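Open your viewer and get ready to click along with this tour. We will stop at a few places, one after another.

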Amino acid sequence: MHGWTMTAGSFFSDSNLVEMFDNMTEAGLIEPLIVVCATFDAQNSPQNFSRSTEELLVFHHDLRDNLMPYIEAKYRTYAEDVTPEGLRRSRDHRAFGGFSLGAVTTWHQFIYSLDCVKYFLPMSGDCWIMGTYGGRYHPEETTEYLEGVVHEVGYGEEDFCIYEGIGTDDPIWTQTNNQIQAMMKTDTFTPLNLHYAILEGGRHDLIACETYMFHGLQKFFGRQK
């Protein structure tokens with residue numbers, strides 16, 4: 001998922017992600033995978049910050065009702081069917097990741113679609129379930145909410161995996177770091193399911209995003225040597 005002022009297409013065209021995916025697969029670093037670049041903006045065009053924020057908060061409806069069923073039905077995947085139960089049974093083969101506001105969107109998918117998605121890759125962004133910049137101003141409350149999500153569905157520490165990437169020179173550093181530090185103090189989020197990647201000197205840009213994606217994908221879908 002792209003960030004603010006970007007589009008689904010520009011997230012690929014303005015970065016080296018497509019070439020990176022191809023090269024990683026060809027080199028055997030990851031298993032072959034289907035990559036879908038969606039958008040939280042209804043018109044897939046840049047909008048003002050408040051409008052984009054409003055739309056990302058409801059994107060989970062589109063993901064569950066339209067995007068996942070469409071992709072799983074169109075391509076050969078691990079889902080035997082596109083019923084809600086079929087998507088739940090195949091959750092071990094599904095990931096969601098995003099950069100900046102796309103990272104905010106990713107945290108919302110953890111909240112609303114954990115039963116259908118096992119792997120989450122938020123890059124340069126915190127969870128806003130407790131309000132805008134919730135990771136900075138409400139890290140403990142945010143963590144408690146996320147714990148509640150895990151406990152509600154009855155998952156253990158091996159049933160999900162989060163890879164959060166942030167750079168030390170990223171203006172989103174404080175809000176992201178505050179949240180992850182709070183999460184790391186719990187028994188719910190452990191080194192087995194929460195991986196915190198700090199990029200020294202990393203900024204809020206696609207170069208950092210490519211770095212997090214490169215390592216995160218290997219963590220999730222790397223081939224066993």
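**Stop 1: a buried serine**

Select Ser113: at 0% relative accessibility, this residue counts as buried, because buried means under 20% relative accessible area, with exposed over 50% and partly exposed in between (1.4 Å probe, protein chains only). Ser113 sits in helix α6, residues 101-113; helices (H or I, at least four residues) and strands (E, at least two) are DSSP runs, numbered from the N terminus. Now show what touches Ser113: apart from neighbours within four places in sequence, it is in contact with Leu63 and Arg64, where contact means heavy atoms within 4.5 Å.

A word on what you are viewing: this is a predicted model, in which local features need pLDDT of at least 70 and side-chain atom pairs count only at pLDDT 80 or more, while totals for chains, interfaces and linings use all residues. Residues are numbered from 1 along each chain as its sequence is written, and side-chain values use heavy atoms, leaving out hydrogens and water.

**Stop 2**

Show the side chains of Trp107, Phe110 and Ile111 on α6, and of Tyr145, Leu146, Val149 and Val150 on α8, which make the contact. These residues divide into 7 nonpolar, no polar and no charged. Here Ala, Val, Leu, Ile, Met, Phe, Trp, Tyr, Cys and Pro count as nonpolar, Asp, Glu, Lys and Arg as charged, and the others, Gly among them, as polar.

**Stop 3: parallel strands**

Next, select strands β3 (residues 161-167) and β4 (residues 194-199), which run parallel and are joined by 6 bridges; two strands pair if DSSP finds at least two bridges between them. Look for Gly167, whose bridge partner in β4 is Leu199.

Click Ile166, also in β3. Is Ile166 buried or exposed? It counts as buried, because its relative accessibility is 0%. Beyond its neighbours within four places in sequence, its contacts include Ser124, Trp173 and Tyr212.

**Last stop: the whole chain**

Zoom out to see 10 helices and 4 strands. Of the 225 residues, 52% count as buried.
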